Amino acid sequence: MKLFDDIYKMITLRLEGAAYTAADEVARLIAKLALVVLSVLMAFLIILFLSVALGFGFGRWFGIGEAGGFFVVLGIYVVVALVSHLCRNKIRAFLHNMLAREVLEIADRHKSRKADFAEKNNQETQP
């Protein structure tokens, strides 16, 4: 009967360990996602206010009025859009590699934790 109790405890501990590991990885992923969302939001606000300031600034500097300044900003955005469209494969590859690196880091952490847990169990079972 003690053998069954020990097996039950071992299975329970392994399941709890897996649940904690999964929860930890999900928490890390959510934290990174929140950081990305906040960074994108801040970048959007910076670009928005910088665009308005540049629109008025170009209008004054070139003497073409505010509407003309905003058309200059529009031209800059069109050039940026064309360059990003031409480089879309490189951008896609960069994003893919970044995501793959994150997934591999998670897998490596999981493997190292699993190895540490197995080593700890081997040390506890040996006298």
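Asp-24 sits in helix α1 (helices are DSSP runs of H or I with at least four residues, strands are runs of E with at least two, and both are numbered from the N terminus). This is a predicted model, in which local features need pLDDT of at least 70, side-chain atom pairs count only at pLDDT 80 or more, and totals for chains, interfaces and linings use all residues. Residues are numbered from 1 along each chain as its sequence is written, and side-chain values use heavy atoms, with hydrogens and water left out.

**Overall shape**

- The protein chain contains three helices and zero strands, giving the pattern α-α-α along the sequence.
- The C-alpha trace spans about 90 × 25 × 20 Å along its principal axes.
- The radius of gyration of the protein chain is 27 Å, whereas a compact globule of 127 residues would have one near 14 Å (the radius is taken over C-alpha atoms, and the globule rule is 2.2 Å times the number of residues to the power 0.38).

**Surface and contacts**

- Of the 127 residues in the protein chain, 9% are buried.
- The accessible surface comes to about 10,900 Å², and carbon and sulfur atoms account for 74% of it (areas come from the Shrake-Rupley method with a 1.4 Å probe, and for residues only the protein chains shown count as cover).
- Among contacts between residues at least 6 apart in sequence, 41% join residues at least 24 apart (contact means heavy atoms within 4.5 Å).

**Charges and salt bridges**

- The protein chain carries 15 positive and 12 negative side chains, and the centres of the two sets are 9 Å apart (Lys and Arg count as positive, Asp and Glu as negative, while His and the chain ends are not counted; the place of a charge is NZ of Lys, CZ of Arg, CG of Asp or CD of Glu).
- A search of the whole structure finds two salt bridges (a side-chain nitrogen of Lys or Arg within 4 Å of a carboxyl oxygen of Asp or Glu).
- One of them pairs Asp-6 with Lys-2, whose closest N and O atoms are 3.4 Å apart.
- Asp-6 and Lys-2 both belong to helix α1 (residues 2-62), where they are four residues apart, about one turn of the helix.
- Asp-6 is partly exposed at 36% relative accessible area, and Lys-2 is exposed at 60%.
- Glu-102 pairs with Lys-32, and here the closest N and O atoms are 2.3 Å apart.
- Glu-102 lies in helix α3 (residues 88-125) and Lys-32 in helix α1, so this pair ties together parts that are 70 residues apart in sequence.
- Glu-102 is partly exposed at 27%, and Lys-32 is partly exposed with a relative accessible area of 36%.

**Residues to find along helix α1**

- Thr-21 lies in helix α1 and is buried, with a relative accessible area of 19%.
- Beyond its neighbours within four places in sequence, Thr-21 is in contact with His-110 and Arg-113.
- Thr-21 and Lys-114 are 93 residues apart along the chain, and their C-alpha atoms are separated by 9.8 Å.
- Asp-24 and Cys-87 are 63 residues apart in sequence, and 36 Å apart in space from C-alpha to C-alpha.
- Ser-51 is in helix α1 and is buried at 11% relative accessible area.
- Leaving aside neighbours within four places in sequence, Ser-51 is in contact with Phe-70, Val-73 and Tyr-77.

Definitions and conventions. Buried means under 20% relative accessible area, exposed over 50%, partly exposed in between (1.4 Å probe, protein chains only).
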